[in-house]
Amino acid sequence: MGDQATEQRRNVSLEKAKRFRGYAFSYLEAKKAVPTGFQLTEKYHEQKRRILEVLNAGDKNWSDWKWQLANRISSVEVLGKILPLTKEQRSNFKEIQSKFRWAFTPYVASLMDPEDENCPVRKQMIPDIREMALTGATDFSGEEYSSPVNNLVRWYPDRVAVHVTNVCAGFCRHCLRRRKIGEVDKTIPEDNLEEILQYLKDNEEIRDVLFTGGDPLTFSTAHLDRLLTALDEIEHIEIKRIGSRVPIVLPQRVDEELCEMLSRHHPLYINTQVNHPKELTPDSSRALNLISRAGIPIHNQSVLLRGINDSTVIMKVLSHELLKARVRPYYLYHCQGTIGIEHFRTPVETGIEILENLRGFTSGLGVPNYIITPSGLGKTPLAPDYQVSSGDGFILLRNWEGTVYRYENPGHS
Ligand SMILES: *Cc1c(COP(=O)(O)O)cnc(C)c1O
């Protein structure tokens, strides 16, 4: 008898395991169409050679982050030597750049596929005439209505974001803060900084300060050290965060000196933004690894972008690659209605469906929170609904696979 029961349990288990393998194999097949930056290193290397030739520079320049920043590609003439551009694109550029600045590091350019106009890195960085539709709001998330002090945004009881600079290593076309990018690189003036620090000192409930921008890691190590020290000196500030795409678009910036400095400002967290697996390369992984080794947890904030990462398989490969680099997927943002980025936006349902297809199908560590940011109202999480209905003393739930079950609800007898 006992043996029979054991056998029956084993058969149920085997049946289930077979079904699970089926899901996994479909994914392994689908993922072949999504190469990561590690699989593209040869192509990247080739493109790097070409760019160095165009810029008349060498390997030593390439690994110097200040050279990368100073030599951001921002002219049609240079770009046209790196990638094929049509006549139409060239003339469009003139129109677009009069309204929205564009520039990105030679490193980012090396990740762009010259043969593929739909390359996810190109789409994130190269201006597109659809930006000139000019639909959307300059300040969609209403930051200017939540700034008790210039360049400080307060949406919450206990934490604030501070825009410390407008400098970026690459200006994403989907930027939600493009109103701040302007024509030239600018960091906040000293008196504004004083004002912000005074606000933080005067508001003892602020326990979490997020430096963002622009990109704070474009600062010199000494300057960033000074800013972080100023926060350290305010007793009620418990944690500090830096929002930065530098590890992804300017990995050369992340060196021992920077990490040694950062490690003197614990507890410090870094949030980065990777939107596609091809952005994770040996270079960015080295940068992420150095940051982790300095004791800084790294989280990722992706933006859901049409034609770039709006599919389950891409987001799943991305999650896996991030976890391999010890980066935890944190947020997946629904693309905001910022001016000139309508063509990147997906229906809200796309994100929910991606989450639905991640939960259970992969490590819970790899499932981000899906976030909508309405004007001035903070972040609102959206998720698939796993509660089907409720009754007297019970609820009906469904699991990740869709099996509906009844769950007794304690305290409702
Ligand atoms: C995103 C953001 C934060 C941090 O939000 P968390 O959900 O705590 O990560 C804080 N303030 C502002 C203004 C923000 O935009």
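This is a predicted model: local features need pLDDT of at least 70, side-chain atom pairs count only at pLDDT 80 or more; totals for chains, interfaces and linings use all residues.

## The helix pair

Residues are numbered from 1 along each chain as its sequence is written, and side-chain values use heavy atoms, without hydrogens and water.

The axes of α14 (residues 312–324) and α15 (residues 348–358) come within 9 Å and cross at roughly 55°. Axes are lines fitted to C-alpha atoms over the stretch in contact, with angles from 0 to 180 degrees between N-to-C directions. T312, M315 and K316 in α14 meet E353, I354, N357 and L358 in α15 (contact: heavy atoms within 4.5 Å). Three residues of this contact are nonpolar, two polar and two charged.

## The strands

Strand β11 (residues 394–398) is mostly covered, with four of its five residues buried (under 20% relative accessible area, 1.4 Å probe, protein chains only). Strands are DSSP E runs of at least two residues; helices are H or I runs of at least four.

β11 runs antiparallel to β10 (residues 387–391), joined by four bridges; pairing takes at least two DSSP bridges. G391 stands opposite F394. Two residues separate β10 and β11 in a hairpin, and G393 in the turn has a positive phi of about 80°.

Five bridges join β11 to antiparallel β12 (residues 404–408). R398 has V404 as its bridge partner. This hairpin has five residues between β11 and β12, with G402 in the turn at a positive phi of about 105°.

Notes
Buried means under 20% relative accessible area, exposed over 50%, partly exposed in between (1.4 Å probe, protein chains only). Ala, Val, Leu, Ile, Met, Phe, Trp, Tyr, Cys and Pro count as nonpolar, Asp, Glu, Lys and Arg as charged, and the others, Gly among them, as polar.
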